Amino acid sequence: MADDYLVRIGKLIRDARQHRGWTQSQLAEALGTSQSAVNRIERGNQNISLEMIARIGEALESEIVSLGYAGPMHLRVVGGRRLSGAIDVKTSKNACVALLCASLLNKGRTVLRRVARIEEVYRLLEVLNSIGVRTRWINEGVDLEIVPPAALDMDAIDADAARRTRSIIMFLGPLLHRMDAFKLPYAGGCDLGTRTIEPHMIALRRFGLDIAATEGLYHAQVDRAISPGRPIVLTERGDTVTENALLAAARHDGVTVIRNASSNYMVQDLCFFLEALGVEVEGIGTTTLTVHGVPTIDVDVDYSPSEDPVEAMSLLAAAVVTESELTVRRVPIEFLEIELAVLEEMGLDHDRTPEYFADNGRTRLVDLTVRPSKLEAPIDKIHPMPFPGLNIDNVPFFAAIAASAQGQTLIHDWVYDNRAIYLTDLNRLGGRLQLLDPHRVLVEGPTRWRAAEMMCPPALRPAVVVLLAMMAAEGTSVLRNVYVINRGYEDLAERLNSVGAQIEIFRDI
């Protein structure tokens, strides 16, 4: 039991240190101890006194270590408030995690600008640190520096962190170039039903990667004699599948053609990053990518991932359901054009600025101002499609928007086994959603939202949709255990409060 509490305290200290943007060495210096001692404390391998806990809390300007295990985070929402002003879109969660995986391709120093400070990123950093990659937040914690070791220590991998993120699957593409055999823990992440990795395997087998799954691990073997002699045709146009194929092709000595590739926002950002590494990629933005691989990559690279279109959609939906006038700045318009076309059909009153470029110099941005609108249900059903269709991750936000519109809207979320089921949690807040089958929901609007206390759905986007509905409901709601929201959004409650929401973060004591 004592060891369990040491591990819990160690994790709290590690999270507080990372939130502060400090390295273990910086914390050690503040405490007058060694980096190795801090490492042992964070791993739960060293007894720690109450005095040391207090000193750590003071150094990190954090109270989370003062009471031991803090418990899950909850949100208390006072709804019925109008939003106003302007809010910026943060960098893309999905692009950032792909670029963290891609940094394993490079022997040199990688700097990623304005990286999303989210739990998904923290879990990947824990995995990278555990296998020997040095990472530190620089420029007052805004940017991230990544320096790989000469050799990765895969035996020391942080399995707990790896199992809490599905993004670990994208280690396969880079690692097959670095070692002939390795093990990875099973991928985790959101509870969205069964999601096979077979499409990844079909693509990566062409580079000689063979996987056997036993006892919670992927056992990988690489046959260097195998290489893709003809174009790779992906069996599904998935984002992470395409990214894995790109990561494998980047250091393949030759030309790799990838067909039926995703051209979604995070894939494009990864392609731009690979170009910065010296890898030529033809066909960016199309479904056929031609990669001119570079066997050895050893460069110092500085890259700025673009803004997140799904977060932009979240903020637009927040304005719609709260009947607010709100300006959402730095919106990657190329990846929201279908969504905005549907919203215009429903009667959304909005305008946009002329386009300008993101910091990567490639992605087109606009500032969008949304005004209170009388919405009508769309004539056609809402359903996702691979880019340039309506984004798969934006479908859940239309449940809250449709609940604010007059009439019936059919939402067909065909991609995931059970995400549509979680949308019916809106009924606890006054919604009228009828589940027709595991993929289809019929939404009746308009809705008179009412406050409620409930557990957070275990899927990222439906969880945010519930939060938005609580913001629209008169009275005080409570959303419990919001870790899943923190996986994909940086300081969402605080940022919504900056434009007029009233959301309080609290924990059980």
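Visitor: What makes serine 92 a cap of helix 5?

Guide: In this predicted model, a side-chain oxygen of serine 92 lies 3.4 Å from the backbone nitrogen of asparagine 94, at the N-terminal end of helix 5.

Visitor: Why is helix 5 called mostly covered?

Guide: Buried means under 20% relative accessible area, and 10 of the 10 residues of helix 5 are buried. Among them are Lys93, Asn94, Cys96 and Leu100.

Visitor: How do you know that lysine 93 has no salt bridge?

Guide: The nearest side chain of opposite charge, glutamate 120, is 4.7 Å away. Lysine 93 does have a polar contact of 3.3 Å with the side chain of asparagine 94. Leaving aside residues up to four places away in sequence, lysine 93 touches several residues, including Glu120, Asp308 and Arg487.

Visitor: What makes glutamate 145 and arginine 136 a salt bridge?

Guide: Their closest N and O atoms are 2.6 Å apart, and the cut-off is 4 Å. Glutamate 145 has a relative accessible area of 8% and is therefore buried, whereas arginine 136, at 40%, counts as partly exposed.

Visitor: Why can the pair of glutamate 307 and arginine 330 be said to tie together parts of the chain?

Guide: Glutamate 307 lies in the loop between strand 13 (301-303) and helix 12 (309-321), and arginine 330 in strand 14 (residues 326-332), so the pair ties together parts that are 23 residues apart in sequence. The closest N and O atoms of this salt bridge are 2.8 Å apart, and both residues are buried.

Visitor: Why is the contact of glutamate 344 with arginine 352 called a salt bridge?

Guide: The N to O distance is 3.5 Å, and the limit is 4 Å. Glutamate 344 is partly exposed at 41% relative accessibility, and arginine 352 is partly exposed at 39%. Elsewhere, salt bridges that share partners join Arg14, Glu119, Arg123 and Glu126 into one network. The structure holds 29 salt bridges.

Visitor: Why are strand 9 and strand 11 said to stand at the edges?

Guide: The open sheet has 4 strands in the order 9-10-12-11, with mixed pairing. Strand 9 (232-233) and strand 11 (280-282) each have a single partner strand, so one side of each is left without a neighbour in the sheet.

Visitor: How do you know that strand 10 and strand 12 pair?

Guide: Pairing asks for at least two bridges, and strand 10 (residues 255-259) and strand 12 (residues 288-292) share 5 bridges, in the antiparallel sense. Valine 257 stands opposite threonine 290 in strand 12. Helix 10 (residues 239-250) packs on the sheet, touching strand 10 and strand 12, and its direction makes about 25° with that of strand 12.

Key: Residues are numbered from 1 along each chain as its sequence is written. This is a predicted model: local features need pLDDT of at least 70, side-chain atom pairs count only at pLDDT 80 or more; totals for chains, interfaces and linings use all residues. Side-chain values use heavy atoms; hydrogens and water are left out. Helices (H or I, at least four residues) and strands (E, at least two) are DSSP runs, numbered from the N terminus. Contact means heavy atoms within 4.5 Å. Axes are lines fitted to C-alpha atoms, for helices over the stretch in contact, and angles run from 0 to 180 degrees between N-to-C directions. Buried means under 20% relative accessible area, exposed over 50%, partly exposed in between (1.4 Å probe, protein chains only). Lys and Arg count as positive and Asp and Glu as negative; His and the chain ends are not counted. A polar contact is a pair of N or O atoms within 3.5 Å; within protein, one must be able to donate a hydrogen and the other to accept it, and residues adjacent in sequence count only if both atoms are side-chain atoms.
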